[in-house]
Amino acid sequence: MALEFLLTEQKQTFMKLVFATNNANKLKEIQHKLGNKIELLGLKDIGCNEDIPETAPTLEGNALLKAQYVYNKFGYDCFADDTGLEIDALNGEPGVYSARYAGEGKDAQANMDKVLANLDGEKNRNARFRTVIAVIIDGKKTLMDGEVKGTILTKKKGDEGFGYDPVFQPDGYDISFAQMNLAEKNKISHRAHAVEKLVAFMNR
């Protein structure tokens with residue numbers, strides 16, 4: 001009876017949470033941080049195969065659009081994220097358009113080339129990466145974000161990472177994100193800071 005009661009208690013505290021992504025590495029990383037009281041599901045796990053629109057003019061708006069879509073259509077508590085590179089001298093560009101800055105093809109090399117061309121001769125190369133997470137639990141929306149400040153290099157350096165990593169050098173370092181190993185980058189990245197806030201929120 002004691003074991004049966006314990007199992008019942010475990011079921012009562014076990015929660016399913018959907019992350020609006022199909023990125024297996026993101027799911028695994030965040031599941032590890034959330035612990036074993038929350039079962040993290042991806043879009044494929046709930047049968048969501050459609051391309052959720054990201055048409056908002058801000059990172060916050062896009063994260064909310066994705067989370068609201070999942071909550072409304074599938075009924076799961078959920079969260080979604082959106083990330084952008086914001087460059088001071090370009091008035092915050094590419095920002096919400098970071099993935100498609102050079103076109104709808106989402107070509108990372110073309111995106112970096114466009115940034116470098118637009119900053120040609122510019123002395124102010126201050127920038128920040130920012131990730132916004134939108135969480136919907138029982139219909140209540142909560143936003144949180146994480147950021148890392150740095151500078152845009154004058155040329156690409158490194159082969160690791162993805163996106164704009166080869167041209168972004170975080171403050172306090174003399175190497176780009178693309179010259180760091182994954183573990184080193186994950187300790188200081190914008191996404192890591194946002195996920196830390198998510199974990200604290202879910203474990204409160």
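This is a predicted model: local features need pLDDT of at least 70, side-chain atom pairs count only at pLDDT 80 or more; totals for chains, interfaces and linings use all residues.
Which residues does N111 touch, not counting residues up to four places away in sequence?

Residues are numbered from 1 along each chain as its sequence is written, and side-chain values use heavy atoms, with hydrogens and water left out.

**Figure 1. Overview of the chain.** Six helices and seven strands form the secondary structure of the chain; helices (H or I, at least four residues) and strands (E, at least two) are DSSP runs, numbered from the N terminus. Their order from the N terminus is α-β-α-β-α-β-β-α-β-β-β-α-α. Along the principal axes, the C-alpha atoms fill a box of roughly 75 × 35 × 25 Å. Of the 204 residues in the chain, 43% are buried; buried means under 20% relative accessible area, exposed over 50%, and partly exposed in between (1.4 Å probe, protein chains only). Among contacts (heavy atoms within 4.5 Å) with a separation of 6 or more, 51% join residues 24 or more positions apart. The chain exposes about 11,300 Å², of which carbon and sulfur atoms supply 50%; accessible areas come from the Shrake-Rupley method with a 1.4 Å probe, and for residues only the protein chains shown count as cover.

Figure 2. Helix α2 spans residues 24-34, and its buried residues are K26, L27, I30 and L34. Seen down the axis of α2, these buried residues fall within an arc of 95°, so they line one face of the helix; the arc is that of the directions from the helix axis to the C-beta atoms. Cover for the buried residues of α2 includes β1 (15-19), β2 (38-41), β3 (78-87) and α6 (190-202). The exposed residues A24, N25, K28 and H32 are carried on the face turned away from the buried side of α2. G35 follows α2 and has a positive phi, near 85°.

Figure 3. N62 belongs to helix α3 (residues 59-74). N62 is buried, with a relative accessible area of 0%. A polar atom of the N62 side chain lies 3.0 Å from the backbone nitrogen of A56. With neighbours within four places in sequence left aside, N62 is in contact with E54, T55, A56, D82 and V96.

Figure 4. N111 is part of helix α4 (residues 108-118) and counts as buried at 4% relative accessibility. Not counting residues up to four places away in sequence, N111 touches S98, A99, R100, Y101, A102, K106 and Y164. For A102, the backbone nitrogen lies 2.8 Å from a polar atom of the N111 side chain.

Figure 5. G42 is placed in the loop between β2 and α3 and counts as buried at 2% relative accessibility. Its contacts, leaving aside neighbours within four places in sequence, are V18, F19, T21 and L27. Although G42 and N22 are 20 residues apart in sequence, their C-alpha atoms are 5.7 Å apart in space.

Figure 6. Most residues other than glycine have a negative phi, and most peptide bonds are trans. The peptide bond from E93 to P94 is cis, with omega near 0°, and P94 lies in strand β4 (residues 94-95). In the loop between β3 and β4 is N91, a residue other than glycine with a positive phi, near 55°. N91 is exposed, with a relative accessible area of 76%. K106 is found in the loop between β4 and α4, and its phi is likewise positive, near 55°. K106 is exposed, with a relative accessible area of 52%.

Notes:
A polar contact is a pair of N or O atoms within 3.5 Å; within protein, one must be able to donate a hydrogen and the other to accept it, and residues adjacent in sequence count only if both atoms are side-chain atoms.
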